[in-house]
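Morning, everyone. Please have the sequence and the 3D view open while I talk.

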Amino acid sequence: MKTETMPQKSTEKEVKQVVVSSDSGAGANPVDAFVKSGKVGSSPSHLSGREHVTGRSQFIDDIPKPRNMLYVKVLTSPVAHGIVRELDCEEARKVPGVKAVLTYRDIPGENQIGAILPDETCLAEEHVHFVGEPVAVVAAETAEIAEEAMGKIRLNIEELTPVLTIDDAVAKNQFVGPIRKIERGNVDEMLKNSPHYLEGKVVNGGQEHFYLETQSALAIPEDSGAITIYSSTQNPNEIQRMASNVLGKPQSEVTVDVKRIGGGFGGKESQATSWASIAALAAHHTGLPCLCKLDREEDMISTGKRHVFESTYRVGFDDNGKILAFDVVLCSNAGAVADASTSILERAMLHADNIYNIDNIRVIGKPCRTNLHPATAFRGFGGPQGILVIETILEIIANKLKIDPFDIRLRNIYKEGDKAHYGEPVKNVRHMETILKKLRHDSDWDERKRKVAEFNAKNKYLKKGLGVAPVKFGISFTAAHLNQAGSLVHVYFDGSVSVSHGAIEMGQEVNTKIGQIAATTLGVPLSTVRVESTNTKRVANSSPTAASSGCDLNGQAVENAAMQIHERLTEFAKTLFNVSGVRFEDGMVYAGEAGKVNYAEPLISFNELIKKAYFQRVDLTAHGFYASPGIWFDREKGVGNPFLYFVYGAGVTEVTVDTLTGQTKLDYVRILHDSGQSLNPAVDIGQIYGAYIQAYGWATTEELVYSEGGKLLSNSPATYKIPTYGDVPTEFYAELFSGSTNELGVKRSKANGEPPFIYGESVLFAIADAIASTGKYPVNLSIPATPEKVWKEFCSEAG
């Protein structure tokens with residue numbers, strides 16, 4: 001009798017960072033490419049690296065506590081839907097050490113913090129709409145006193161029947177926004193006349209952001225009624241607007257400052273607003289600094305997640321697997337308030353085609369209102385949910401027609417000159433075909449497929465599977481007005497540089513990249529550049545750091561400001577030394593123009609030039625601004641140019657699945673990703689790794705479980721499983737695609753935050769392939785494909 005054992009996970013992972021770009025030779029390793037100058041295209045150590053590894057990086061709870069600071073605790077609704085019949089705070093106010101107990105009646109301004117629509121209150125009024133909705137606030141001398149007082153608040157809620165599912169919301173016609181449609185061609189006619197027809201449903205669950213730093217805000221009152229808020233937010237401008245709205249103050253009296261945040265992933269784009277506004281409200285009433293910091297369970301119960309989608313489709317295709325018609329209805333569970341749900345659903349609709357040219361296509365989006373916590377932004381912002389449907393369909397067609405998964409995709413791929421279903425030309429899509437063909441070769445796909453079949457034939461209880469997931473990801477906010485950014489750059493008397501911009505540093509190293517942009521533009525070493533905290537007084541009206549646009553927008557604004565200073569210094573140096581041209585390089589100034597620079601004898605150091613420029617009253621400060629050109633979208637007609645450019649790429653995954661337990665092991669992953677001319681290859685590779693593993697969690701282990709009454713039960717690390725080091729693939733390769741450039745991107749780069757998340761969907765297809773090797777098809781898996789679901793699929797095949 002042969003005994004099968006699950007391949008053991010080695011403690012030594014073969015993780016290879018392969019970088020190929022137009023600026024470096026094939027196979028160059030970014031880890032070995034550190035350069036002291038920090039020029040764009042190199043991979044210097046990130047700016048906060050030393051502080052991170054020594055524990056000195058400052059987050060909200062690390063800020064030295066101001067004198068007489070109060071601790072804020074929030075009483076939230078224990079039910080999903082109900083009428084507030086009683087809210088008695090008198091006993092709580094009597095607790096020694098309590099300085100304030102506040103309800104919506106204590107809000108001096110407007111009780112409204114809705115991100116897009118005015119449908120979200122700071123504190124609940126007569127009704128509650130989800131478990132975890134803030135109802136009352138306690139500010140006390142210690143967190144323990146605040147907890148004690150909170151327990152003395154009498155809250156009596158008459159429960160109403162909640163709406164928790166998409167089906168119930170659709171049946172009751174409950175939506176947070178209008179139902180939208182994008183359509184071209186004659187879908188119904190082609191569906192009738194197609195040689196092959198399929199219909200089905202694709203379901204994905206939500207996902208907890210699980211940032212390391214929970215929602216936190218410190219509000220400090222100042223003289224003359226002003227207030228400063230230190231918030232763990234991706235969106236300081238929204239915090240400023242909403243806090244001023246709640247307090248009834250002009251925005252000029254509310255300052256928001258963010259040094260860095262301990263992770264965000266979209267969960268602090270709008271969800272941080274509530275807690276910052278509550279801290280500000282407490283500080284306003286007490287006249288004392290107030291800290292509002294959620295513990296992990298509070299955070300998970302009260303805050304939004306990735307949107308659950310249930311998508312029904314009909315598709316027609318020919319004998320070669322070419323899709324002739326595609327009709328899909330995307331229904332999202334938006335939760336109790338709109339938040340960013342309409343924008344997220346819109347991006348899902350815009351990505352429903354992924355990399356495929358479908359002449360006859362109809363995409364309908366329904367944002368369903370339920371009594372769950374508000375769903376919100378999460379890495380990909382609807383893109384993963386929209387792409388999942390068409391990729392699932394391609395997998396089914398490939399299996400039905402016995403066509404290789406790579407071949408089926410190449411037969412449907414966009415060609416140069418094609419337009420997306422909303423009318424935008426899909427530029428540079430020729431790279432997508434090259435990427436797929438190269439990835440097939442580099443991953444040894446055909447040989448690997450043969451070996452997988454051989455393994456499966458020999459093993460009864462362990463089954464291997466292969467999956468591939470490509471991406472075409474549009475970069476820009478689809479809300480055109482958000483595609484703008486400002487900056488402020490100072491060069492000081494000693495030649496050091498201060499850079500302020502509107503992006504938020506949350507681990508993606510936007511500050512490192514922007515520091516490199518400033519250093520390269522000014523011609524100084526990165527070590528002389530300091531990137532400041534994001535502050536609404538220095539850079540006003542900033543857009544959220546989201547949509548993979550943080551570096552794109554703010555990097556362009558910083559480049560604009562630095563270029564203004566560079567041009568002034570250039571003219572000054574030309575006059576000073578009576579030369580026709582100068583070049584700034586690594587802190588030195590050389591005579592000559594591009595291609596004709598005399599590097600042997602520098603004219604002067606940058607620092608000395610600055611001193612001379614100062615005494616000649618040359619302006620050494622500049623405000624920069626950037627607005628993405630050509631962005632527009634008509635939502636009523638479903639046509640427009642919503643994206644500045646597209647990012648392309650693809651990933652391959654091989655898994656081993658234990659049929660007796662449903663456990664999945666990642667054996668091999670190879671990714672080929674288009675970063676244009678990378679600003680920092682090491683950072684970009686790191687983002688690819690992180691996005692893939694986060695997507696792996698969404699696809700397999702991260703399951704949100706609710707009670708019948710709508711309370712989140714998987715509300716701690718004990719009940720919610722995120723990936724760990726043990727889940728890293730045995731072989732993990734990531735490569736930056738060579739030959740791509742981006743004339744519209746900052747320094748010809750491309751955004752890198754969200755697109756790589758799509759590669760994790762290949763895990764689902766690999767698991768389905770493993771199950772299909774037993775003869776079962778179609779495979780009825782939804783995201784997350786937990787071990788329980790996978791085991792049940794094998795069991796259903798067996799009996």
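Let's start with a term: buried means under 20% relative accessible area, exposed means over 50%, and partly exposed is in between, with a 1.4 Å probe and protein chains only. Now the ground rules. This is a predicted model, where local features need pLDDT of at least 70, side-chain atom pairs count only at pLDDT 80 or more, and totals for chains, interfaces and linings use all residues. Residues are numbered from 1 along each chain as its sequence is written, and side-chain values use heavy atoms, with hydrogens and water left out.

Salt bridges come next. By that I mean a side-chain nitrogen of Lys or Arg within 4 Å of a carboxyl oxygen of Asp or Glu. How many salt bridges does the structure hold? It holds 51.

Take Lys305 and Glu208. Their closest N and O atoms are 2.5 Å apart. Lys305 sits in the loop between helix H8 (296-302) and strand E15 (308-317), and Glu208 in the loop between strand E10 (196-204) and strand E11 (216-221), so this pair ties together parts 97 residues apart in sequence. Helices here are DSSP runs (H or I, at least four residues), strands likewise (E, at least two), and both are numbered from the N terminus. Is Lys305 buried or exposed? Lys305 is buried, because its relative accessibility is 1%. Glu208 also has 1% relative accessibility, so Glu208 counts as buried.

Glu654 is in strand E29 (residues 645-658) and Arg448 in helix H13 (residues 445-458), so the bridge links parts that are 206 residues apart in sequence. Both Glu654 and Arg448 are buried.

Lys747 is in the loop between strand E31 (731-736) and H18, while Glu559 is in helix H15 (residues 550-577), so parts 188 residues apart in sequence are tied together. Lys747 has 24% relative accessibility, so Lys747 is partly exposed. Glu559, at 17%, is buried. There is a network as well: salt bridges that share partners join Lys181, Glu183, Asp188, Arg314, Asp327 and Arg362.

On to helix H18, residues 761-772. H18 has twelve residues and reaches 17 Å from its first C-alpha to its last, close to the 16 Å expected at 1.5 Å a residue. That expected span is 1.5 Å times one less than the number of residues. Why is H18 described as largely enclosed by the rest of the structure? Because eleven of its twelve residues are buried. Among them are Phe765, Ile767 and Ala772.

Asn354 lies in the loop between helix H9 (341-350) and strand E17 (361-369). Asn354 is buried, with 0% relative accessible area. A polar atom of its side chain lies 3.1 Å from the backbone oxygen of Pro470. Contact means heavy atoms within 4.5 Å. Not counting residues up to four places away in sequence, Asn354 touches several residues, including Ile387, Tyr414 and Lys472.

Last, Phe473, in strand E18 (residues 462-475). Phe473 is buried too, at 0% relative accessibility. Leaving aside neighbours within four places in sequence, its contacts include Arg347, His351, Tyr645 and Pro755. Ile220 is 253 residues from Phe473 along the chain, and their C-alpha atoms are separated by 41 Å.

Key:
Polar contact = N/O pair within 3.5 Å; in protein donor to acceptor, adjacent residues only side chain to side chain.
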